[in-house]
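Hello,

Here is the structure we talked about. Please open it first, then read my notes below.

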Amino acid sequence: MPEAALTGQRSVPSTGARDVAVDVARGVALISMLVAHTSPAAARTSGTILYLSEWLTAPLFATLIGMGSWLGWRRARPGIPKARGRFLAGVAVRAFALIGIGLLLGRRDHQVVIVLVYLGVLTLIAAPVAWLPTGVVALTGIAATVIGSFLRTDLVSLEQMGAQE
């Protein structure tokens, strides 16, 4: 008989356990989003704390999506049959909600960049990554960063060429 069954301890942390660092990061992301969307554009000049909010918000939300996928998968009890399907169904609901809200907001006249569609797609991509080994995730992230930097340079060059014509 496994030791966990004898002692009554669970091998997976209970869903009530909270990671305070994740909650703090969520709070910082929300405050950063509010600052980026409500502060005057003239105050968001290079070198100010308000300018930092322009570049901090989306990457912080993206990081939180990845962390949320990992925490959600860890708490979904991977050993239980159909756990992966239930986990992915919940992720799909959240992702399509983000995409739908992002598309609706994108139809409005505004001066902010709506990143909800991108975050919704990222949510769909991050979910299956949650059960990959850490080394594979790290190598994939490094490869995506390197490839993305080259693609961005090429895309900017193509955009500049198109603007000159």
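**What I found**

V24 sits in helix α2. Keep that helix in view, as several notes below come back to it.

First, a caution. This is a predicted model. The chain has a mean pLDDT of 78, and 78% of its residues reach 70 or more. Among the elements, helix α4 (residues 83-106) has the highest mean pLDDT, 90. Helix α1 (residues 3-7) has the lowest, 41. Over residues 1-13, pLDDT stays under 50. The model has seven contacts beyond four places in sequence for that stretch.

Now the surface. Which residues form a nonpolar patch there? They are V20, V24, V28, I49, L52 and L56. Together they have about 540 Å² of accessible area. Two helices, α2 (20-38) and α3 (49-75), each supply at least two residues of this patch.

Next, the charges. How many salt bridges does a search of the whole structure find? The search finds one. It joins the side chains of R26 and D23, at 3.1 Å from N to O. Both residues lie in helix α2. They are three residues apart, about one turn of the helix.

Best wishes

Terms used. Residues are numbered from 1 along each chain as its sequence is written. This is a predicted model: local features need pLDDT of at least 70, side-chain atom pairs count only at pLDDT 80 or more; totals for chains, interfaces and linings use all residues. Side-chain values use heavy atoms; hydrogens and water are left out. pLDDT is the predictor's confidence in each residue, from 0 to 100. Helices (H or I, at least four residues) and strands (E, at least two) are DSSP runs, numbered from the N terminus. Contact means heavy atoms within 4.5 Å. Patches are made of residues with over 30% relative accessible area and no salt bridge: like charges are joined within 9 Å, nonpolar side chains (Val, Leu, Ile, Met, Phe, Trp, Tyr) within 5 Å. Accessible areas come from the Shrake-Rupley method with a 1.4 Å probe; for residues, only the protein chains shown count as cover. A salt bridge is a side-chain nitrogen of Lys or Arg within 4 Å of a carboxyl oxygen of Asp or Glu.
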